[in-house]
Structure formats: C-alpha cells, structure tokens
Amino acid sequence: MTPRGQGLVDTQAVFGRFYRGKRVFVTGSTGFKGSWLCHWLCLLGAEVGGYALVPNTEPNLWTRLDLASRVHQHMGDVRDHAVLTTAVVAFKPDLVFHLAAQPLVRDSYADPKGTFDTNVGGTVNLLETLRSQPQVQACVVVTTDKCYENREWIWGYRETDAMGGHDPYSASKGAAELVVSSYRRSFFETTRLGLASARAGNVIGGGDWSKDRLVVDFVKAMTAGQALQLRRPHATRPWQHVLEPLSGYLSLGMRLAGAQGAGFAEAWNFGPEESSVVTVEVLARCLVGSWGSGTVVVDASGNHPHEAGLLKLDCSKAKHRLGWHGVWGIPRTVDQTVAWYRGVAAGQDPLAITERQISEYVRDAAALHLPWANA
C-alpha cells in the first residue's frame, strides 16, 4: 500500500482550487456519503461545518476517518429548525450541501411520518434558514433517483420527468424536489444564492455499515463465512461508487457559486453509464468474484414491501452542460469497494485507504479529460 501522503495527486488543484478556503456546510455529515464528502472537502482545503445526528452504527466512517478533529460539527436533527438555524448562523457558510435524510425504503414503511418530517420538513427548515443568510452563494439539495414516478420502463429518467413515489421514502424525496423548486422560484431567483437539486443512483463504496445495504450484507456474510441471501435478485439499479455523485455535487456547487450560477439553479441527474445499470444478482456475483470466494443464494420468496423493479437515469444534461460523467464502471467500483473493506479488516488505516481511492479517482478522471479534474 502507498504510504499516506506519498504518490497522491494534488487534491486541492481540482475544481480549479475553488474550494480552498471556502466555508462549506454539510448536513448529514456523519452518514456514509456525508463522511466521504466531508473528507474530500477537507482535502480540497475547505473549512467544513457539519450538522447531523450521532452515527447510528458501530463501526461508522465518521469515526474511522477521525472527522470530528477536522470538521466543525454540530450534532442535531434537521427536524429541529431552531437548532439547525443556530448551527448555520454560527458557521456562516459560503456553500451548503444538504444530505441529511431518512434514506431507507423499508424504514419508510415502518415510520412514514418520520420519513416525511425528515426528508420534506428538514429540507423546508434548511431553506427557511438560508433565506436569512445572504452570504451563502450556493446550496445543493441531494435527493435520489427514486424521486421520479417510476413507470418500470427501459429509458433513463430525465430531470423534466414527473416526480412520484410508491413507497413513503421515494414519495418524500419527490416532495422534497417540489419544495426545492418552489423555494427557488419564490425566494431565490432574485438573490445571490444558487439553489439546485441532485439525483444520484445507488451508491456503494467502502465505509458503509448501514442496514439494508447490499454491500454491507455481503461483507458481513463473507466475513462470517456465510452465503449472501438476496431478497430482490432481479431488481435493476444504476450502481455507482460514492465518489461519482460527490464529484457531480462538487462540480455543481462550484458552478452555482460562479458568476453564471443562476443558469445552473435547477435539477440534475448524476448516474452511471448504461453498462453499470445491472441487477442485484449481477452486482452480488461481481462482489464475490472480486472477493475471491463466497456464495450467493437467490431467495425471492419472502413477503417484502414494494420496491421499484427497474430504475435508471438519463444524465445527458450533466454531461453536456457540466462536463461531468462517470469515471469508474462496475468492475472498478466493485474492486475499490472490496479493497476498502479488506484493507480495513487487515488492519490498514481507513483514512489512508480513503485518501488513496480519492487520489486514484481524480487521476482516472483527469485521464478522461473531465473539466473538474483538469482545472
């Protein structure tokens, strides 16, 4: 393994060094995606503020990356408007990335009110707070590919397609998109703040220990010497490494805060290439292949709540207007994910592995001549 600090690309050089010295506030900072984003922002030279609940798993990536020592963190619930406002006002951010959410479909069936309160009400609370913060230049609200009215068709959903959602989680994210659109048109069109929403695919990568996650279930099964059981083997999803949408969010945030930011204040898809839209079973068998051993058991006989069967995104707009597209396909994504968990299990430093993977991702993006990686 490359020793920490050696052989890494100049991470502050990407995004045109835009984030160096910027004050960036991240809600959901202690989550899986939030922790990756906070760490990348720190590498970019940003001053990072966080707002989130205490991590609900042990282990968790927030702790493993020792982010508490580098992020101005405020533990709190986005449903608490007063506490959230206090945190934002105290930090005085230049940019905001809103990732805080109740992110699980199955949990949304068990607690629909809590899901709507968090995903819709929490978004309202943040945007209300930002109305009184004139120094904020940009806000990216992260939703999901499941915000679309799913018609189980073979085409990728475009940003102009209808919002919807069968399950409470998906519906709450569709509703959050409507909230963003309403606030943008009602309150932010004549202000400096550029407000956009971002819809990503199914994200995987090292450091996720949440429940109801395919990779997490896989790692637990392999570590215990058990077979991985699949409850929905034929569900087809747009799988992508966590760094893929994060590079999209960071690209979008930079554009929103620029002189032409108003032209980017809209909804954006950040999904993988067509070749990465595969079934749960295909991804599971790729994981086994990368791990080098293991067994997959297909068992779809259980009584499970409704989830979408086929889902993918059309990311043409991000490609043409932001110069963004995916860097790692399924094989590279799976190998990097497995390498992260195997490395940590073997006693390697999670921080060093994470930095190395960010460096490799940036290097691969630069080789593809993506604007953000060559700025």
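Residues count as buried under 20% relative accessible area, as exposed over 50%, and as partly exposed in between. The legends below refer to a predicted model.

**Figure 1. His81 at helix H3 in the predicted model.**
Leaving out residues up to four places away in sequence, His81 touches Asn125, Glu128 and Thr129. Gly122 is 41 residues from His81 along the chain, and the C-alpha atoms of the two are separated by 7.8 Å.

**Figure 2. Confidence along the protein chain.**
The protein chain has a mean pLDDT of 93, and 95% of its residues reach 70 or more. Residues 1-7 have a pLDDT below 50, and in the model this stretch has 12 contacts beyond near neighbours in sequence.

**Figure 3. An open sheet of seven strands with parallel pairing.**
The strand order is S3-S2-S1-S4-S5-S6-S10. Strand S3 (72-75) and strand S10 (267-270) are the edge strands, each pairing on one side only. On average, and with direction ignored, neighbouring strands of the sheet are turned by 20° against each other. Helix H1 (residues 32-43) packs on this sheet and touches strand S1 (23-27), strand S2 (47-52), strand S4 (95-98), strand S5 (138-142) and S6. The direction of H1 makes about 170° with that of S1.

**Figure 4. Strands S6 and S10 with helix H6.**
S6 spans residues 194-200 and pairs with S10 in the parallel sense over four bridges. Within this part of the sheet, Ala198 stands opposite Trp268 in S10. Helix H6 (residues 168-188) lies across S5, S6 and S10. Its run makes about 165° with S6.

**Figure 5. Trp40 and the largest nonpolar core.**
The largest nonpolar core has 92 residues, of which Tyr19, Trp40, Leu41 and Trp372 touch the most other members. Helix H1 gives the most to this core, with eight residues. Neighbours within four places in sequence aside, Trp40 is in contact with Phe15, Leu243, Leu246, Ser247, Leu250, Ile358, Tyr361, Val362 and Trp372. Another core, of 22 residues, lies apart from the largest one and has Val96, Val120, Cys139 and Leu193 among its members.

**Figure 6**
The model has 20 aromatic pairs. Tyr249 and Phe270 form an edge-to-face pair, with 6.1 Å from centre to centre and 75° between the planes. Tyr249 lies in helix H8 (residues 243-256) and Phe270 in strand S10, so this pair ties together parts that are 21 residues apart in sequence. Tyr249 is buried at a relative accessible area of 0%, and Phe270 is also buried at 0%. In the pair of Phe264 and Trp268, the ring centres are 6.1 Å apart and the planes stand at 25°, so the pair is stacked. Phe264 counts as buried at 11% relative accessibility, and Trp268 counts as buried at 0%. Elsewhere, ring pairs link Phe15, Phe18, Tyr19, Trp40, Trp328, Tyr361 and Trp372 into a cluster.

**Figure 7. Phe32 and the residues in contact with it.**
Phe32 lies in helix H1. Its relative accessible area is 13%, under the cut-off of 20%, so Phe32 is buried. Not counting residues up to four places away in sequence, Phe32 touches Leu61, Val203, Ile204, Gly205, Gly206, Gly207, Asp208 and Val242. Ala90 is 58 residues from Phe32 in sequence, and the two are 25 Å apart in space, C-alpha to C-alpha.

**Figure 8. The buried residues of helix H7.**
Helix H7 spans residues 214-224, and Leu214, Val215, Val216, Phe218, Val219, Ala221 and Met222 in it are buried. Gly225 follows H7 and has a positive phi, near 70°.

Definitions and conventions:
Residues are numbered from 1 along each chain as its sequence is written. This is a predicted model: local features need pLDDT of at least 70, side-chain atom pairs count only at pLDDT 80 or more; totals for chains, interfaces and linings use all residues. Side-chain values use heavy atoms; hydrogens and water are left out. pLDDT is the predictor's confidence in each residue, from 0 to 100. Contact means heavy atoms within 4.5 Å. Two strands pair if DSSP finds at least two bridges between them. Helices (H or I, at least four residues) and strands (E, at least two) are DSSP runs, numbered from the N terminus. Axes are lines fitted to C-alpha atoms, for helices over the stretch in contact, and angles run from 0 to 180 degrees between N-to-C directions. A nonpolar core is a set of buried Ala, Val, Leu, Ile, Met, Phe, Trp, Tyr and Cys residues joined through side-chain atoms within 4.5 Å. Buried means under 20% relative accessible area, exposed over 50%, partly exposed in between (1.4 Å probe, protein chains only). Rings of Phe, Tyr and Trp (its six-membered ring) pair if their centres lie within 6.5 Å; planes under 30 degrees apart count as stacked, over 60 as edge-to-face and the rest as tilted.
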